[in-house]
Amino acid sequence: MFRRSSDGQVQVLLVHPGGPFWAKKDLGAWTVPKGEHEDSENALEAAKREFVEETGFPVSEPFLPLGSLKQPSGKTVSVWAFESDCDPAALVSNEFEMEWPPKSGRKASFVEVDRAAWFSLPEAREKLVKGQVGFLDALEKVLRSS
């Protein structure tokens, strides 16, 4: 999701991963709302579903394709942008379960996303995980050509 501030500056909505691994990380830890999908599922439909599941915010057309990037983990992430607005304080995220503390045999639930925020493009370049910064370049290119 992106929006334009009152002075015309583009801002992007980024999310911070939930769970104990990310709890104290900030720079280079934020991400675009995303998730995995089955090969049989349309990638854009999956992206829309995952955005809603991770944020609780609605999506709206048109969707601007920003391409795909292979992440350091080896996974490929495909992203679409759309222009809208929301209050990050109203975030509602789904949860996941994992063993915590490690090797304890106990399961704990954590939200997938613990917070969201609007960032200018320069700020987003510092906040985003390295493998996703290229999506900001793609967004700038798409917005310049439209």
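Me: How many salt bridges does the count come to in this predicted model?
Reply: Side chains of opposite charge can pair when their charged atoms come close. The cut-off used here is a side-chain nitrogen of Lys or Arg within 4 Å of a carboxyl oxygen of Asp or Glu. By this rule, in what is a predicted model, the count of salt bridges comes to ten.

Me: How many residues apart in sequence are the parts that the pair of Arg-3 and Asp-85 ties together?
Reply: The side chains of Arg-3 and Asp-85 meet in a salt bridge, with 2.9 Å from N to O. Arg-3 belongs to strand 1 (residues 2–4), whereas Asp-85 sits in the loop between strand 4 (76–81) and strand 5 (95–99), so the parts tied together by this pair are apart in sequence by 82 residues.

Me: Is Asp-85 buried or exposed?
Reply: A residue counts as buried under 20% relative accessible area and as exposed over 50%. Arg-3, the partner of Asp-85 in the salt bridge, has 21% relative accessibility and therefore counts as partly exposed. For Asp-85 the relative accessible area is 51%, which makes this residue exposed.

Me: Which helix holds both Glu-45 and Lys-48?
Reply: Glu-45 and Lys-48 form a salt bridge in which the closest N and O atoms are 3.0 Å apart. Glu-45 is partly exposed at 41% relative accessible area, while Lys-48 is buried at 18%. The two residues are three residues apart, about one turn of the helix, and the element in which both lie is helix 1 (residues 43–55).

Me: What is the distance between the closest N and O atoms of Asp-114 and Arg-115?
Reply: Asp-114 is partly exposed, with a relative accessible area of 32%, and Arg-115 also counts as partly exposed, at 32% relative accessibility. These two residues form a salt bridge, and their closest N and O atoms are apart by 3.3 Å.

Me: Which residue in the turn between strand 3 and strand 4 has a positive phi?
Reply: Strand 3 (residues 64–70) and strand 4 run antiparallel and are joined by six bridges, and within strand 4 the bridge partner of Pro-65 is Trp-80. The two strands form a hairpin with five residues between them, and the residue in the turn with a positive phi, of about 100 degrees, is Gly-74.

Terms used:
Residues are numbered from 1 along each chain as its sequence is written. This is a predicted model: local features need pLDDT of at least 70, side-chain atom pairs count only at pLDDT 80 or more; totals for chains, interfaces and linings use all residues. Side-chain values use heavy atoms; hydrogens and water are left out. Helices (H or I, at least four residues) and strands (E, at least two) are DSSP runs, numbered from the N terminus. Buried means under 20% relative accessible area, exposed over 50%, partly exposed in between (1.4 Å probe, protein chains only). Two strands pair if DSSP finds at least two bridges between them.
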